[in-house]
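Visitor: Hey, I'm new to this one. Can you walk me through it?

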Amino acid sequence: MFLINCPYCGERDQSEFVSGGEAHIARPKQPTELNDDQWAEYLFMRKNIKGIQFERWNHAHGCRKWFNVARDTSNDKIEKIYKMGEQPPKL
Amino acid sequence: MSKNLRINNKQFVDETRKLSFIFNGKKLYGYKGDTLASALLSNDIHLVGRSFKYHRPRGIMTSGSEEPNAILQIGNDDALTDPNVRATEIELYDGLICNSQNCWPSVKFDIGGINNFLSPLLPAGFYYKTFMWPASFWEKYEYFIRKSAGLGKSPTKQDPDMYDHRYMHCDILIVGGGVSGLIAAKIASDDNKKVLLLEDKELLGGSLIYDDNDISKIDNQKSSEWLKKLIENIKNDKNIIIKTRTSLAAYHNYNFLLARQNLTDHLSVNDRNNKIRQRLYKIRAKKVIISTGAIERPQVFHNNDRPGIMLASAVKKYIDYYGVRCGLENVIFTNNDSAYETALSLHKSGTKLNAIIDIRDNSSSEIVNKVKSLGIQIYWNHTVVNTKGYKRINKITIMKLNDKGNDVVGKKIELNCDCLAISGGWTPMVHLFTQSGGKLKFDNKDNIFVPDKTNLNQLSIGSAKGDFELDDVLKNSIKDTKKFLQIENSNFDKIDVKCSKEKEKKNIWLLPSDKPLSKTKPFLDYQNDSTAKDIKLALREGFKSIEHVKRYTTTGMGTDQGKLANMHALGIVADTTNTNMGDLGTTTFRPPYTPLTFGTIVGRNVGQFFDIFRKTPMHDWHVDNNAKFENVGQWKRAWYYPKDGESMHDAVQRESKAARESSGILDASTLGKIDIQGTDANEFLNRVYTNAWSKLQIGKCRYGLMLNEDGMVYDDGVTTKLGENHYLMTTTTGGAANVMSKLEDYLQTEWPELDVFLTSVTDHFATASVCGPNAKKIVNKIFKDLDLSDESFPHMSFKEVKLGNINCRIMRISFTGELSYEINVEASYGKYIWEKCIEAGKEFNITPYGTETMHLLRAEKGFIIVGQDTDGTMTPVDLQMDWIISKKKYDFIGKRSLYRSDTIREDRKQLVGLLTDDPNEILEEGAQIVKDENKKPVNMLGHVTSSYFSPTLKKSIALAVLKEGKKLKGQKLLVPMIDKTIKVTVSDTVFLDKENERING
Ligand SMILES: [Zn+2]
C-alpha cells in the first residue's frame, strides 16, 4: 500500500485515495469539431506503460482534491506529485 | 512411554506442568513449553500424516514454519476446528485435540497408499493430463481426489472467536528476534529510534539461545549466556516494543507490513474465554530490518521421506531446547559442518549416534575435529542410497561416491537407524525480501540466493542475508546496521567472537543411487510428492521456465510454499540443462508468508460490522411498523410493509392500489442531494445534463438526465432552483457518491474557471413523499396557510414554508404519476414530519409504501430506474427519451458520443414495454427475449429489465431492452423459461395514464 503525499494535506495512506487513470488528457474544447476517430482517441485510448506513468489521484477520504502523480509502474515508486494544471515533470 | 526419550532438563520446558492431549483418539502427555511436535516425538510418534498424491507415510521433519508433513487438524468443535496447523509451530496446551488430516480411513491404514504402488502411473502433470478429458468426467474425478486427498476440514459453524486489527508506526521494524535482530534492535534503540521487534516464537533468541557447545564464545562467555544478558537488557528498553508469537505475513510496498500475533492459541480452551484470539498488526515502518534467519535444506536421495528422517538442526533443537530424543539409533547425513553441532548435542545428552555420513572427502574444522576426537564413526565421501521401514525408518544403506559425485561405487553398507538427521546446507529466508519486490543474486560459494537490490528502505542481516558462522553473523550485523542507520559507533564495536570455521564445501543437488533414477523416489517437495524424476520429466517435455516447471510438477505449491524444496528443484533444473543457477532466477514468493486465518483477515468487520449501513431519520418508524428492508447501496430502505402475514406480492398490490386510489407515503430521504451554489451554477447544469437549464425560474423544478462522456446514461434526478445562484440537485440513491465525485472532478480538472461550489447534503435532509388523489388534502391539513392551488403551486414547482420553527422545502414532483408532494426537512425533524403526515392522512387511509411499490408505480408510467432499466450501454435515444436531449446546446457531457457510428446504429437495443398474452403471467426480470426458439443457435434479442403485476391495470406489465425495439411495436415475441415459453407483445413503455392527468389529482 502506497504512502501518498497529498499536496494539500501531506503524507497519507493509499486507502484514503482513489486513482483516476492517466493524466493530461484534456477534454476537447470543441467536441463537435472532432471526427469519430479523434473523439474515440480522447474517449477510449489510454497508455499502459512499464515505467514512469503520469496519472490522476484524488484524496477522496480527505480534502477531495485532485492532483497529478508521476509513478513508476515497474516498482510503484512515486517520483513526483504536482497540482492540477501544472506541467508534467521531465523524468 | 516405553522408550526413554525425555532427557532431564530443561530451561525451556517446565516438567512440573504436565499437559494431556489427544492425537488421533489416543491420550498422550507432554509438558508446558513443548510444541505439539516435540510432545509427539517424546511419545515416540513420528508418523503424523500421509503425503498428498502417493499417500506415503510421513513424519515430523522440522521444528518450524517450514514443516511440510506434520500438518494437523486441531480441535474437533464444528466452529473452532482449525485445519492445516503445523505441529511444529503450535504450543502444547492442556486438552489439545488433534488429528491427522491427509489420510483416509486412518493414518496407519490408508487406502490412498495404493497410489504409492501405482506411482509409475502418476507422473508429473498427471492431474493436468488425466483429469482434463473428458470434461464431463470431472465431477467423478473431483470426488475421488477430494475423498482421498483432502487437506483438512474447515469449520462448518460461525467462528465465535474475536480478532483484532491494530495500526502501528515505528522508526525501525525488526523481523526476527534471533541474535542479529536483537543486536540491531539494541543499536537502533541506543540511537534513540522507536523500534518494533517481532518474533514468531514464544521466546526471543533464535537458535543461539539453546546453543550449548563450548566452541562458540562471545566476549569470552558461552554464546547463549551472552545472549541471555542482551535479551534482559532489551526487555527493559523503553525504545523497543517486543511482540512475540507474532509472525510477519506480508511485506508490501512502501514498508507496509502485516503481522499476525497469536494471543490465545497456546492457552487451554477454558482459559481463552473473552480474550482476543489473534491480532493483525498493520505496520508502517520508516526502515525495516529482516533478520529471519535461514532454513536448513534436506538432501535428495532415494526414499528420503520416511518418518524418522528429519533435518539435523531440528534433531538438535528437540534435544537442546525441548529435551526430546527423536530416536535411539541416530545417524547423521550431511554435506557441511553444521550437522556436527547436532552430533555434539546427541553425544552430550548421552544419545546414541551410530555414524555420520558426509559426502565431503574430509573436513578439519574445529568442530569436526572435536567430533572425531569423540570416536564417532564418520563415513567420508559416502552417500545414503536407500532407506527402509514403511512407517518409521529402521535401516539405511550407504555407498561410496565416485570422483565426480554422480555415481556410487564399492559395496553397500547397512546401518541401523531410527532417526536420520539430514543436512544439505542452509538457505537464507529471503521470502520477505522478495515479497517486498527485492531482487536476489546467486552466491556460487554457498549455492544460495542472497538479497541484492531493493527499492525500499530495508536491510537483511544475519543468516537471512547469507552469513552462517557466528563471527560473520555478529560482526556483519553490527557493521551493516550502523551503516543502514547512519551511526558512527555502537556498544558492540569491540565484540570478540570465537567459532568454528567451515573450510570444505560440497553440494550435490540429486545424490546418486545404485538404482537407475527411474526406479527411485528422491523427494523434493514432501507435501506435494514431487520428486527429482518429475522435474526431469517436465524438462524432457519441454518446460523451461522455472515458474512453469513448478506449476507442472506442483513443486513448492503446498501450504509450506516449498520452503524446503525450491532450491533443490532449481539445482536439478540447472544441472540437467547445464545452466548456472543464478541465470535461472527463482520463483516468486507471495504473501502470506505463513497462512492467516480468515478471522484475522477480517478482524472486527463481521456480522453487523461487515459494512457500515445507513438509516434514514424515519428508520425506527419503519421498524415499528413491520417494514421489510432492502439494501440500496449502504442504505437500509423500507421495501414493503406486510400486514397480517401478507406475502410480498400481496403487500405490494395493497400498497400500490392505495397510492393510486387515495394516498401513499414513501420515505425518499435516501435520494442523493447536492447543494449547488455559485454564479456559474446554471452554466454548470447546462454542461452536466443533456437538457437546457437556462430558462429555469426560481421556485421551479426540472428533471435531468446525466450521461458519461461515452453517451451512456449515468444518473437522473430532479433539480430545483432555490435562488438566483442556488440549486438543489437530487441523484439516485445508489449513485449519489459517484455523481458527487464526477461533478467535483469536472469542476477541478476541466472547468476550474467556473464559479461553482458543491456540497453533499444527502444526510442533512429527510424527505417524506406524499402521493395520490388525496395528497393535496393531506398536505393542506398540515400546512394550513399554504396555497396549494395548481395556479400557485403547479406541478414541477417548489415552495419554502415553516411548520412552527421547522423549515420545510416542498417540491411538487412525481415519480409515481400521481399528484405528489415531497416534503424536505432538516434530518432531525424527519420522523416528526413523517408522523405528522401519517396522522393527517389517517382519514384518507394513507398507506406507507416501500421501494417495491415505488418501482411498480413508476413502471406503470414507464419511468426508468437508472441501473435497473439501464446498464451502462443505454443512450437516451435507446431509452426513447430523445425529448430530453437539447438540440440547441453546443456541448454537454456525452453529447459528442450520441452521434458516433456505434450510437447511431438503428439496431441497438432499445427500451420497450412488454405485455404478456396471459395477463396473469408475470415475466421474470432478466429473462431473455427471442423471436424463434427453434432455429439454433437461438438468437437473443434482449431481456426483461422490470416486471410487475399492476393491480390498477389488472394485468402484468414489463419493461425490456430489445434489439431494434422501436420498430417492433405490436410484434409477438417469446420469452422462453425453463418449464414453458411465454408469449408476449411489444408495447409502448407507458402503461397507465398516457395523458398525464393524474399528476393534477
Ligand atoms: Zn488532501
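Guide: Here is a short tour of domains, chain contacts and salt bridges.

Guide: This is a predicted model, where local features need pLDDT of at least 70, side-chain atom pairs count only at pLDDT 80 or more, and totals for chains, interfaces and linings use all residues. Residues are numbered from 1 along each chain as its sequence is written, chains are lettered from A and ligands numbered from 1 in the order in which they are written, and side-chain values use heavy atoms, with hydrogens and water left out.

Visitor: OK, which domains is chain B divided into?

Guide: Chain B has domain 1 (7-158), domain 2 (162-294 + 428-498), domain 3 (307-424), domain 4 (667-857) and domain 5 (863-1000). Those bounds come from an automatic or database domain assignment.

Visitor: How many residues of domain 4 of chain B are in contact with domain 5 of chain B?

Guide: 37 residues of domain 4 of chain B touch 34 residues of domain 5 of chain B, where contact means heavy atoms within 4.5 Å. The area buried between these two domains of chain B is about 2,800 Å², with carbon and sulfur atoms giving 63%. Buried area is the accessible area (1.4 Å probe) that two parts lose on being put together, summed over both.

Visitor: And which residues of domain 4 lose the most area there?

Guide: B:Met712, B:Val713 and B:Leu856, together 21% of what the domain 4 side buries.

Visitor: How many salt bridges between those two domains?

Guide: One salt bridge is counted between domain 4 and domain 5 of chain B. A salt bridge here is a side-chain nitrogen of Lys or Arg within 4 Å of a carboxyl oxygen of Asp or Glu. B:Arg998 forms a salt bridge with B:Glu818, their closest N and O atoms being 2.5 Å apart.

Visitor: Switching topic: how many residues of chain B are in contact with chain A?

Guide: 27 residues of chain B are in contact with 28 residues of chain A. About 2,500 Å² is buried between the two chains, and carbon and sulfur atoms give 43% of that. B:Tyr254, B:Tyr890 and B:Arg896 supply 27% of the area that chain B buries against chain A, more than any other three residues.

Visitor: How many salt bridges across that interface?

Guide: Six between chain B and chain A. One of them joins A:Asp36 and B:Arg896, at 2.8 Å from N to O. Helix 20 of chain B gives the most to the side that touches chain A, with eight residues. Helices (H or I, at least four residues) and strands (E, at least two) are DSSP runs, numbered from the N terminus.

Visitor: Where do B:Asp164 and B:Arg604 lie?

Guide: B:Asp164 is in strand 8 (residues 162-175) of chain B and B:Arg604 is in the loop between helix 16 (598-602) and helix 17 (619-624), so the pair ties together parts 440 residues apart in sequence.

Visitor: Is B:Asp164 buried or exposed?

Guide: B:Asp164 is buried, with a relative accessible area of 13%, whereas B:Arg604 is partly exposed at 39%. Buried means under 20% relative accessible area, exposed over 50%, and partly exposed in between (1.4 Å probe, protein chains only).

Visitor: What about B:Arg812 and B:Asp790?

Guide: They form a salt bridge too, with the closest N and O atoms 2.8 Å apart. B:Arg812 is buried, with a relative accessible area of 1%, and B:Asp790 is partly exposed at 29%.
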